[in-house]
Amino acid sequence: MNLEHKRILILNRGEIAIRIAKAINELGHVSVGICTDNETSPPHLQYCQEWVHLPGSTNLETYLNIEKILEIVLTYKIDAVHPGYGFLSENTDFSLALKKAGVIFIGPNAEAIRKMGDKAISKKMAKEVGVPVVPGSVGEIKNIDDALKLAKEIGYPILLKAIAGGGGRGMRVCIDEKEVKKNFEVVQREALKSFKNGALLVEKYIVDPHHIEVQILADKKGNIFHLFERECSVQRRHQKIIEEAPSPFIGDDEKLREDICNTAVKLARQVGYDSVGTVEFIMGSDRRFYFLEMNTRIQVEHPITEEITACDLVTLMIQIAFNEEIPIKKQSDVKKLGHAIECRICAEDPITMLPAPGFLESFQFEPPQGSRFDHCLVEKYNISPDFDPMIGKLITKGLNRDIAIRKMKAALNGLVIQGLKTNIILHRIILEDAIFKKGNYSTSYLIENKINDKIETNIEIQDLVEHTAVMEMLYQEMGK
Amino acid sequence: MRYYFIDDDIESKEVLLDVSLNKINQEGVHLFNIKVKDEKNINEKIIYIKKLSGKFFISDDGVKWKKSQILDVSNTIAYKNRHLKIFRGFKPSGIQNSEAGDLKSQMPGKVIKVLVKKDQEIQKGQPLAILEAMKMENEIKASFNGYVRSINISEGQTIESGFTLMELEKKD
Amino acid sequence: MPKNLGEIPSAEDINRKFYFDLSQKAELGGGVERIEKQHKEGKYTARERIEKLLDQKSFLEFDKFVTHGCQEFGMDETKHLGDGVVTGIGKINGQQVAIFSQDFTCWGGALGINHAKKICKIMDFALNNKVPIIGINDSGGARIQEGVESLAGYAEIFYRNVKCSGVIPQFSLILGPCAGGAVYSPAMTDFILMTEKSSYMFITGPDVIKTVTHENVTKESLGGADTHNSKSGVAHFKCKDEDDCFERVRELLNYIPSSNCSIIENGKTRDSVDRENNFLKEFIPNNSKKPYDMKDIIIEIIDDKHFLEIQQDYAKNIICGFASIGGIKIGIVANQPNILAGVLDINSSIKAARFVRFCDSFNIPILTLVDVPGFLPGVDQEYGGIIKHGSKLLYAYCEATVPLITLITRKAYGGAYDVMASKHIRSDINLAYPTAEIAVMGAEGAVNIMFRKQLQGLEGPKLETKRKELVEEYEKKFSGPYKAAELGYIDEVILPEKTRSKIYKYLVALKNKKVESPIKKHGNIQL
């Protein structure tokens, strides 16, 4: 097989498009990026060798438009498509369509996507290989009455979830019948809008849960490995804010670690997985874990796994897709060292956490040693409300967790973003918080401890005084 | 030089800073006197500032310095959870777009269309009639919320300057 | 300073204490009670106003200890230090200004000869040093006790107002009463700012009017801010309160140079001069009968949407104001098609004429936006002297030697085309949009006159079709700027989205314009 110069289309935008472009360029292939009508000169194109215009100004017209994308793929002689995360990364139809067109889909095979993309099927498969699952519906719940019946059986609180969902969207917690009645159609609509699939299922909602996920790496020759776990329990409205690798809750319990990682591999093997993916579990305070779902794509928080294992997941993903030799031949080739933390930097109000798009004036990052800022920021740029408010990921690693935390605090202090409201001050508060420091926090940590309300919102006169003095100096300079 | 910081969401939240340069010493350290006025009180502050390697360093006492994170001049800043507009020198007057028309015709013309009925409730800015005058179709708009009490015109009617087109009653 | 009780204070100490005591007394003006009364009425004291307006610690006071010399009517019993007015110089945003602020707490701010002399001194200073003069008026009028000396005092001020007119900018802030002869001084200044609650200006007050003409009227409706901003057109700004008034002054000083000998510095803006005005692409309605708001065009092309409008409630069919483009400060005159179809009439002609002459005096380039169907017809206008007043604007443009840029957005008919800074009266750059209609008159009217014979014989639908045909033919030939462009009366037909960048480039090119006028004492503008 010709290993040189494959033309790879990056079917995504923002920081992940830049990440993928870097990987493609590193491997010597040709990176082809996309721009749309509502983002005519996006920052990720700076890293691409070629670019294609995809006409349209809504996601349906552009990044989700399978027909148009196939046209582009054939017109521009694309050899492979990397879908990133979100958009069409877990769309079976798209994966099949590419295969039919003779184009490589950089991800797992379509069957794996289909099976794991359907929450009902994935749960069934998990049960088949003895993977513990969260009690809930076996298949799609077609109507409110069925939902109410099952909810009564498994006991409240329950979760109404979109079968094709992910990223925290398309789900609602219901503590009683009234809420089920209120939310059923809402979740259906959300699911349809975000994932083109309105089917729902019902699941038991575990209280004080820890969100722990295992990184899977599999090649096309049937070898399946794990790259240890991550903990993503700092969340709000099911949106992850801070992720850590390895999980501080599991801590030194190597047996539990082995147990959960091997369980993930078992499931991946059962579904015939052959790319990069993540198996998500929910772990209660009793340390019992249950399978939640499998994400058959590269995830936002992949960098922290990369940091503790020294593996470049995106390049590995591409190499696997082209059936090339990868440096991992057996599980013991994967070694873990140290601890890594990721803080998602979002253009949002730090208290309400609602998106706050706007004009990015300027930014500066003065990183401590051992930190990394994966972003898609460009000065004097309008952050559009059409897309996700996440504008970057701040990642630090250290020999142990305390060091990683210390470096993250320094990294946050060294990151200045002007013109946009961001959640940087929220991260600072969490990093200083005693509960976070201890390392035992559940997904209700933020809400229960009212972390967002701890943010000081008063206008400090001293800040304005400093700002004014600097501005006056700058204006004087401009005048000369 | 005056600087105004105004909260984008709460216009009344405003901080006024009056900056005057006190002196510059031989090392290029500028000393500013700043009078700060916010809704509660007035403070006088002093601040030392110097430029080194392209970055600004600030201090309260000229002894302990810290680096400023401000990179650029701008019209707004995102401060914690709010946006503050910054004005330099003066606070600009708001723009008031014109409200076309007046209920007493100011020029001779022809009534093209009457858009409301007697006793109809009207909102400020709602068009009440269209008058053609000086070869222009002018929309006569209501300047307050209220009710139409009487209509003195009919479509096609020619009217002179000063004619009262309608009588309106203001809603309290 | 701590004093050892056993010691005899030195001469030095006594002198210093006397100085401080006297200063304090002067600063209290008419006394604490009167100051409280002033505050209760929502007014600041004379000194507070100066403090709020000027940059901190920049005020240098003149004549703090001046008092009157009047002996009549028991006046020698009360002497206020400063004689009821605070005068001096200071800075506003770093710009040097001269200022006087009448003190209502001293005999209601009444003017006597020494009070007037203080003001005259500061006006002389302003004139000699070429700085703007700001007058804060808050006075009940002449000091009757000083008799004709008060009148002399006023006259000295009036004389200087005229001496300074066109040399240094003069601002009058009416922050209290200003009645009788006193109003003549602000009347002759460049800008009058009034506040909604406490300013009044009139020659004869309600009481006298009641006795003579038996008309009942309140102070507010006779000469308040609303009246002078909307009805009489005497004032230029109606401010919410005194603080707002001071902001307006600061804003004005941003656009106006210190004197006719200096050019105002360019401002710094981050609004790019290459910014395309895509909003204007489809903005002007195709149907030329449909009005639009000219202010939308102004806001779109200027920097940062900052437009300082003058007299915004008076003669609304013409818009006058200050703005900047690419940092270059300009005056803008524009017809407003939304109001009275944008015609020129007596009030709008006078309003614009004064503004044009002000900009010309102080070397401020003028941008004129034209959409005018003609002059307002009517008996009132004719009797009112539209002939005389309408031509004031024409005179002002012809006289002006500052850079003039004209942009015809839509209509420019008849005499009004000539008046609105046309090429022939020496406007430097004349631009037009493709939607411009430049003609002696509109198609309908023209056809009715020119083809009267042809149309006479016809009736009914045949008449209508023939008329329509002729109108279309006329429109094809004359509607649009191309006929005028052929003759070089329009320098360039521009696309609306390029407006801002084009105007900026022209302003830069016209920076060094210099035109001489024939030497004369002054023209005889038809007043």
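Visitor: What is a nonpolar core?

Guide: A nonpolar core is a set of buried Ala, Val, Leu, Ile, Met, Phe, Trp, Tyr and Cys residues. Its members are joined through C-beta atoms within 7 Å. In this predicted model, the largest such core holds 151 residues.

Visitor: Which residues is A:Ala469 in contact with, leaving aside its neighbours within four places in sequence?

Guide: Once its sequence neighbours within four places are set aside, its contacts are B:Val19, B:Phe32, B:Ile34, B:Ile47, B:Ile49 and B:Ile58.

Visitor: Why is A:Val103 classed as partly exposed?

Guide: A:Val103 lies in the loop between helix H3 (92-100) and strand E5 (104-105) of chain A. A residue is buried if 20 or more other C-beta atoms lie within 10 Å of its own, and exposed if 12 or fewer do. A:Val103 is therefore partly exposed, because the number of other C-beta atoms within 10 Å is 19.

Visitor: What distance separates the C-alpha atoms of A:Val103 and A:Asp79?

Guide: A:Val103 touches A:Asp79, and also residues including A:Ile78 and A:Ala80. Along the chain, A:Val103 and A:Asp79 are 24 residues apart. The separation of their C-alpha atoms is 5.4 Å.

Conventions
Residues numbered from 1 in each chain as written. Chains lettered and ligands numbered in written order. Predicted model: local features only at pLDDT ≥ 70, side-chain atom pairs only at ≥ 80, totals over all residues. Helix = DSSP H or I, 4+ residues; strand = E, 2+ residues; numbered from the N terminus. Contact = placed C-beta atoms within 7 Å.
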